[in-house]
Every structure is written in C-alpha cells, then in structure tokens.
Amino acid sequence: MKIQGLAWGIASLALATLGDGSRTVVRPDNTGEALINPGMGWVCFHYSNRLWAYGSRIETGDTLEWFPGASVIYFRLPWCYLEPEEGQFRWDLIDSYAQPWVAQGKRVALRITACENRFRYATPEWVQKAGAKGLDYKFSTIGKPSDETLWEPDYLDPVFLEKLDHFLAALAKRYNGNPSVAYIDIGTFGMWGEGHTGGTSKLSQEETDKRVKVQIDLYKKHFPDTLLCISDDVAGSSRPGDHFPSTDYAFSKGVTLRDDSILVQPAPKQWYHAAMAQQFWPTLPVILEHEHYGLSKERNAWDPALLLESVEQYHASYLSIHWWPDVFLKENRSAVDKINRRLGYRLELREASWPKEVRIGEPFKIDTAWANVGVAPCYPGGCLAFTLKNAAGKIAWVSADGAFDARALPIAAAGSARTVPHASACAVGIAAPIPVINDGVVKYLKATNDYPFGADVPTIKPGTYGLYVSVGRLDGTPQIALPLENGDGARRYRIGEITVNAQR
C-alpha cells in the first residue's frame with residue numbers, strides 16, 4: 001500500500017488541503033485474489049441430475065476452499081429423489097452437503113427436474129398413479145434410442161400441476177427468502193429442466209411458451225423472495241436472438257437468465273444467447289453453465305479463452321464447475337485466475353484521503369475513489385463504512401455513509417474501469433455541552449467538581465487508532481470482500497491510522 005501526504009494524482013479529486021501535509025493519502029495495492037461475495041462466484045455441481053456426479057469424489061465437509069472463487073454448491077436433482085412418496089421428503093440429500101458450505105458463509109443453488117433421460121419417473125411415479133397424464137418415449141443419444149421407455153408428464157395436466165404446487169410449497173417453506181440460497185432454477189419443465197422437448201414430446205415454440213409461463217407463475221407464487229432463473233433453451237437451444245416471448249416474460253417477472261450450456265460445440269457455435277443476456281445483466285445476475293468439461297473436450301469444443309470470453313459477453317456473475325472440480329481446476333488454472341478478476345463485480349479502492357488528526361465531535365471528510373473492475377454491477381449494493389480500532393484491536397467507533405452505493409459503480413471493458421470519487425462526512429465521538437436551566441435561562445456548565453465532564457462528554461478517548469474501510473449494510477456491518485491487504489477477518493481492511501484529539 002502506497003502512503004503519502006501529497007495531493008492526489010487524480011485531478012478531479014485534488015484538494016487544496018492535501019499539499020500541506022495535514023492529510024494522509026493512500027493508494028492501496030490490489031491483491032489480485034479471488035473473492036467470495038454475495039451474488040457471484042463459481043458454482044460447484046454436487047448433483048448433476050444424478051447422485052454420483054460430481055460431488056462423490058469430494059471429501060465430506062469439503063467446501064472447495066482450495067478452488068479460488070468457489071462460492072455456491074449446486075444441487076440438480078430429479079423430483080423423485082426428494083419426494084419418493086407423496087408428502088415424504090428427503091431434504092437430507094441437500095442439507096447434509098449444504099450445511100458445511102453455509103457454515104463457511106457460502107451459498108446454495110437448486111434445480112428440481114421433472115424429466116430425465118436416466119429415469120423413467122423423474123417426476124415421481126406416484127404422480128402418474130394419482131392420474132397425471134404424460135407421454136411414453138425413448139430418448140435418442142447420438143441417434144440411438146434408449147433401451148428403456150421413459151415418461152414425460154403433460155406439463156399442463158391439472159393433477160401434475162396440483163402435485164407440483166404442493167411440492168414447491170414444501171420446498172419454499174425451507175428456501176424462500178433463505179439468505180443461504182443464491183438462486184433457484186425454474187427446472188420442472190423439459191429435458192434435464194432445461195426447457196426443451198426436442199427429444200421427448202417435441203412441443204412447438206408456441207406450446208413451449210405457454211407452459212413456461214405457467215411454470216414461471218407457479219415458482220413466483222412460492223418464491224417471491226428468492227432469485228429465480230430460467231434456462232435460455234426455453235427460447236430454443238440453438239435459436240439466436242435477443243428477445244423471445246418466454247425470456248421476455250421471465251424478465252418482466254424479475255426472473256434472471258442462465259445459459260444451458262456453452263461450449264457444447266466448437267466455435268463459431270460455442271454459444272447462441274449472449275445477445276439475450278443483454279436484457280438481463282444490467283439489473284439481474286446472469287448465470288453461465290458450460291458443457292460437462294470432459295464431454296466438451298471430447299468434441300474439441302473446449303477453449304479456455306472462449307470460457308473467459310463468455311464471461312465478458314454475457315456479463316456473467318455465476319459460472320459453473322461442471323465436472324470433477326479438482327480435474328477442472330488443474331487443467332484450467334490460468335483461465336480460472338483470469339476469470340476471477342472479471343467474474344461478477346470486483347470493487348477496488350483506488351485511493352483514500354483523510355486528516356491525520358481530528359478532534360472529538362468535530363466533522364471531517366474522508367475522500368475515497370472507487371472502481372468496479374468486474375463485468376457486472378454490484379447487485380447487492382453496499383454502503384461505505386469507516387471503523388476505528390484501538391491498540392487492542394477493539395472497535396472504538398464506526399461511521400457509516402449511506403450516500404455511497406456500490407451498486408452505482410459503472411462497469412467497463414477489462415482495463416477500462418472508471419474511477420469514481422466520493423466524499424464521506426464523518427465525525428468521531430461527541431462533545432456535547434450539559435445544559436442547565438436557571439430562572440428560565442439556559443447555561444452550559446464548564447468542568448467543576450460537581451460536573452467533572454463539564455461542557456464535554458467524550459465517548460472516545462484521545463489517541464491514535466487504526467482506520468479500517470468496509471462496504472456493507474447501512475449499520476456498518478461489512479458484507480463485501482475487497483481485494484485489499486490487512487483484513488481483520490470480518491471484511492474490514494486497515495488502510496492507515498488517524499489521531500483523535502480532545503475536543504476544544
């Protein structure tokens with residue numbers, strides 16, 4: 001961290017008072033480290049439509065601290081696993097693996113599917129026995145039909161919708177508004193929950209749009225307080241364009257977009273819906289899922305440079321780890337590190353300036369300059385806070401600035417982030433005179449034996465304190481990790497010292 005007492009190098013932020021050495025100026029170094037922050041990060045597939053992939057090789061309780069930027073554990077499961085009998089649930093299939101991540105401040109994401117090529121009854125068989133109509137079919141893989149006859153529900157059948165409604169109500173009781181949930185996919189339509197039926201009932205686009213609208217409305221009914229997402233494939237998996245009825249309707253309901261999947265085919269067909277994402281990313285975090293890494297390599301479709309480019313084009317906040325995570329990281333470490341410097345938002349404190357000495361109760365300014373060097377806005381937002389700590393490392397004073405909102409920091413192409421100045425009005429402690437009314441006349445007492453504090457009631461002792469910066473809630477609680485050194489383990493970062501003098 002560079003510290004100086006001279007004028008700022010940014011002309012628009014220059015202050016006449018800086019030249020006289022009365023202020024401390026710092027230009028912190030960016031650590032370059034991967035950050036775990038709300039609303040962004042790498043997403044680890046624990047279940048990828050079946051139980052063994054890809055969490056089965058991960059040690060119990062392992063939260064992928066060794067995978068830089070891994071912030072979300074993702075459970076994609078057929079409905080039949082979670083409600084094998086009507087009203088009997090197996091939430092332990094999620095909780096057992098989610099809780100270690102939650103304990104580390106990481107988050108959970110979910111997709112429940114109703115149609116799979118590995119299960120005749122991804123929708124539980126008891127739903128069909130209750131009278132739900134559906135379709136028997138054989139799923140073709142590379143032109144070869146499956147040996148097993150599979151079943152796809154009629155997504156508009158009233159019995160299916162009634163049972164799904166009950167299941168989602170139970171799911172929402174646990175997860176709606178749960179702060180540990182990053183997002184939930186609207187996944188109970190189409191093969192693998194991706195919203196396409198080309199290998200099953202072969203619905204027309206008009207028929208698909210009708211069913212997608214029903215699904216969106218049902219999920220919004222149960223999850224009004226949780227981020228929901230819809231697969232781009234509801235508009236057609238290889239149908240380029242920016243606006244389609246299903247995705248436009250999703251956006252109108254506050255449902256975000258995920259791309260299932262990129263890098264299935266080699267360039268120039270590596271993805272189809274970057275244009276579609278432009279409607280979503282300014283206000284909602286976009287989610288990217290790449291093809292199963294091993295399968296993508298087999299097709300010669302894998303390209304680490306294109307993976308990084310997809311983050312740029314989609315302005316992605318979340319990116320999947322769609323394979324064995326240790327193998328994926330070992331073979332793509334350089335790309336992972338580059339992506340971590342752009343994925344989602346990344347707030348940099350470019351410069352800070354404050355008086356070297358202040359007096360108790362007297363106002364002063366802390367000037368800062370910030371940039372968001374990520375591809376996406378800081379959707380959670382966050383206000384700025386300054387914390388003073390004493391020599392024992394205890395918090396002595398906190399000044400939160402609600403006028404600063406990290407959400408407003410603009411994004412730009414790599415290397416072109418704009419620095420935004422901000423001035424925070426602060427005060428440390430309070431020096432309040434003690435009023436006494438005598439014969440209707442208000443007087444302010446000076447220090448006496450009867451009033452040892454006299455006209456001043458200091459709430460912080462004079463001395464030199466460590467000055468910490470943080471971004472988070474309005475009450476000064478830090479929420480967002482910054483790429484700064486000297487963190488206190490609670491997302492506050494020491495940027496220097498300030499001397500607090502007694503009031504005048």
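Helix α9 passes helix α10 in a right-handed crossing, meaning that the near helix is turned clockwise from the far one by less than a right angle. The two axes, lines fitted to C-alpha atoms over the stretch in contact, come within 10 Å and cross at roughly 40°. That makes α9 oblique to α10, because angles under 35 degrees count as roughly parallel, over 145 as roughly antiparallel, 65 to 115 as roughly perpendicular and the rest as oblique. Here is who meets whom, with contact meaning heavy atoms within 4.5 Å:

| Helix | Residues | Contact residues |
|---|---|---|
| α9 | 304–314 | Pro304, Leu307, Leu308 and Val311 |
| α10 | 325–340 | Phe328, Asn332, Ala335, Lys338 and Ile339 |

A word on the model: it is predicted, so local features need pLDDT of at least 70 and side-chain atom pairs pLDDT 80 or more, while totals for chains, interfaces and linings use all residues. Residues are numbered from 1 along each chain as its sequence is written, and side-chain values use heavy atoms, without hydrogens and water.

Now to glutamate 194, in the loop between β10 (181–185) and α5 (205–222). Glutamate 194 is buried (under 20% relative accessible area, 1.4 Å probe), yet has no salt bridge (a side-chain nitrogen of Lys or Arg within 4 Å of a carboxyl oxygen of Asp or Glu). Arginine 76, the nearest side chain of opposite charge, is 4.1 Å away. Leaving out residues up to four places away in sequence, glutamate 194 touches residues including Arg76, Arg111, Asp233, Asp260 and Glu289.

Across the 504 residues of the protein chain, 52% count as buried.

Definitions and conventions: Helix = DSSP H or I, 4+ residues; strand = E, 2+ residues; numbered from the N terminus. Buried < 20%, exposed > 50% of the residue type's maximum accessible area, 1.4 Å probe, protein only. Lys, Arg positive; Asp, Glu negative; His and termini not counted. Axes fitted to C-alpha atoms, helices over the stretch in contact; angles between N-to-C directions.
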